[in-house]
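Biologist: I would like to learn how to read ligand sites, pockets and cavities in a model. Can we take them one by one?

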Amino acid sequence: MTITSLNPADPADLVLAVEAPGAQAVRAAVGRARTAQAGWHAAGAAARSAALTRIAEAVEAHADELTALIVREVGKPLAEARGEVARTAAIWRYYAQAPFEPSGAVHEPAAGPGLLLTRRRPYGVAGLITPWNFPLAIPTWKAAPGLAVGNTAVLKPAPEATACALRLAELAAAAGLPEGVLTVLPGGAEEGEALVDAADVVSFTGSTGVGRAVVHAATGRGVPVQAELGGLNAALVLPDADIEQAAAHLAAAIAGYAGQKCTATSRVIAVGEAYEPLRAALVKALGLVDDTACGPVISAAARDRLTGAVASARAEGATVLTGGAVPERAGWYVEPTLLADVPAEHPLRREEFFGPIAVLLPAADLDEAIVLANDTPHSLATSVHSRSLDTALAAADRLDAGMIRVNAPSSGVDFHLPFGGAKGASHGDREQGRAALDFYTASRTVTLLPAGGA
Ligand code: UN1
């Protein structure tokens with residue numbers, strides 16, 4: 001099978017074509033990574049820290065080139081691509097400190113002399129499967145914590161983002177990362193399955209369907225697995241919100257990078273009297289979103305699925321408040337779109353679509369807004385827009401989402417805090433922050449008694 005990635009803004013531009021190496025090559029790469037792991041772990045905290053710092057420096061030194069590659073390969077608007085490169089360097093730097101973190105705790109024995117301690121150690125080879133939408137940041141926030149604590153990693157990126165991942169591995173190697181510590185293998189389903197079948201710990205971000213299969217396979221082998229899956233994220237706008245600010249944040253969360261983030265807003269819930277002013281402000285704000293913020297969607301198939309969903313919603317009585325058209329141009333573009341009167345069972349209210357499209361829903365009060373927001377298994381990120389701290393805290397308590405953002409877009413992530421969703425949006429331990437260090441290590445309890453004692 002040939003892996004190809006095309007420029008979404010100009011599909012005639014072939015970014016990369018490479019043969020998928022097949023399952024046997026994945027097993028061989030995991031074998032080499034396993035051989036490299038003992039030395040990488042034994043090299044010690046200072047050596048691992050220095051290596052991660054050098055990768056951060058290499059990313060910074062190649063920031064313009066990497067930014068251009070993200071724009072070209074996955075159609076991310078320039079400002080966001082630049083931000084992702086900066087975030088990537090920051091994540092490597094952040095985890096460069098992790099090797100020096102305590103790896104356990106000392107406890108008193110329940111009775112008698114001696115010492116009890118816990119100590120964490122790496123599993124071995126981390127198998128990483130990453131999506132195309134954050135082609136440097138997601139591989140980094142999976143690989144960096146895994147490497148920091150002494151695992152090695154084999155990464156299979158989404159086909160659409162293969163060039164970005166390969167370039168990251170090249171830069172890491174040029175920065176002196178030892179052979180076998182971070183291997184990027186292009187591939188599709190065959191390579192992904194082989195990786196899940198061979199790795200000692202598995203981290204996946206991607207669609208709900210594939211993620212469930214990955215969890216099933218890894219759990220069946222008894223290896224730890226985390227999966228970040230789709231989101232069907234809501235924004236609750238209360239009547240006391242700063243409506244202009246809320247509309248600006250919502251426009252960014254709906255249409256920023258064409259809504260291709262698991263944290264994007266796809267359901268806007270306007271409470272009571274917020275509905276009319278928000279509708280007007282949001283239509284205006286979405287109308288101002290241009291290519292510098294939205295950009296193309298990843299493929300012709302994605303565009304057709306999005307426009308098909310809008311057409312079917314219309315056929316079922318939905319009103320298009322803004323957008324809805326396919327611009328006449330090369331590249332896979334969809335207009336930022338806001339729909340009202342979308343029936344409760346329509347797929348746009350039930351499934352993640354990964355496009356610059358949202359539905360506007362009225363709610364009589366906060367109670368109804370929370371019922372609507374929680375009416376999905378894909379509870380990843382919810383934003384609440386209100387001037388009242390009481391309302392924000394009450395909503396935060398009652399919302400199912402794993403990430404609650406008050407007076408902020410639902411999209412956007414702080415890499416030094418745990419990230420993940422509730423219900424069907426995530427499986428396993430949290431990514432990012434210190435939580436990731438726990439995920440990539442197993443805890444052992446050590447009992448030390450004095451020699452020659454009773
Ligand atoms: C963000 O909102 O900046 O795949 C990051 C995704 C998420 C990351 C979102 N895991 O879109």
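This is a predicted model: local features need pLDDT of at least 70, side-chain atom pairs count only at pLDDT 80 or more; totals for chains, interfaces and linings use all residues.

Biologist: How far is a polar side-chain atom of R87 from an oxygen atom of the ligand?

Modeller: That separation is 2.8 Å. For C262, look at the backbone: one of its N or O atoms lies 2.7 Å from an oxygen atom of the ligand.

Biologist: How much of the ligand does the protein bury?

Modeller: Taken alone, the ligand exposes 320 Å². The protein buries 98% of that.

Biologist: Which residues come nearest to the ligand?

Modeller: There are 13 residues around the ligand. R87, N133, C262, T263 and G412 come nearest. By class, the shell has six nonpolar, five polar and two charged residues.

Biologist: Where does the ligand lie relative to domain 1 and domain 2?

Modeller: Look at which domains supply the shell. Domain 1 (2-229 + 425-448) and domain 2 (233-406) both give residues to the shell, so the ligand lies between them.

Biologist: Now the empty space. What shows where it is left?

Modeller: Rolling a probe the size of a water molecule over the atoms shows it. A pocket is an open set of points, whereas from a cavity the probe cannot get out. Take the pocket here. The largest pocket has a volume of about 870 Å³.

Biologist: How many residues line the largest pocket, and which lie nearest its centre?

Modeller: The lining has 40 residues. F204, T205, G206, S207 and V210 lie nearest the centre. The elements that give two or more residues are β5 (125-130), β6 (152-157), α7 (189-198), β8 (201-205), α8 (208-221) and α11 (300-315). The largest share, six residues, comes from α8.

Biologist: What classes of residue make up that lining?

Modeller: The lining of the largest pocket has 20 nonpolar, 12 polar and eight charged residues. The lining draws at least three residues from each of domain 1 and domain 2.

Biologist: Which element gives the most to the lining of the largest cavity?

Modeller: β14, with three residues. By class, the lining of the largest cavity has nine nonpolar, six polar and three charged residues.

Biologist: What is the volume of the second largest cavity?

Modeller: About 50 Å³. Of the 13 residues that line the second largest cavity, R267, A373, S379, T382 and A401 are the closest to its centre. Two or more lining residues come from each of β10 (233-237), α12 (366-374), β15 (378-379) and β16 (381-385). The classes in the lining of the second largest cavity are six nonpolar, six polar and one charged.

Notes. Residues are numbered from 1 along each chain as its sequence is written. Side-chain values use heavy atoms; hydrogens and water are left out. On a 1 Å grid over the protein atoms alone, a cavity is a set of points where a 1.4 Å probe fits but cannot get out, and a pocket is an open set with protein on both sides within 12 Å along at least five of seven lines; lining residues have an atom within 4 Å of a point. Grid points are joined across faces, edges and corners, and a volume is the space filled by probe spheres set on the points. Helices (H or I, at least four residues) and strands (E, at least two) are DSSP runs, numbered from the N terminus. Ala, Val, Leu, Ile, Met, Phe, Trp, Tyr, Cys and Pro count as nonpolar, Asp, Glu, Lys and Arg as charged, and the others, Gly among them, as polar. Domain bounds come from an automatic or database domain assignment. A residue is near a molecule or strand if one of its heavy atoms lies within 4 Å of it. A polar contact is a pair of N or O atoms within 3.5 Å; within protein, one must be able to donate a hydrogen and the other to accept it, and residues adjacent in sequence count only if both atoms are side-chain atoms. Accessible areas come from the Shrake-Rupley method with a 1.4 Å probe; for residues, only the protein chains shown count as cover.
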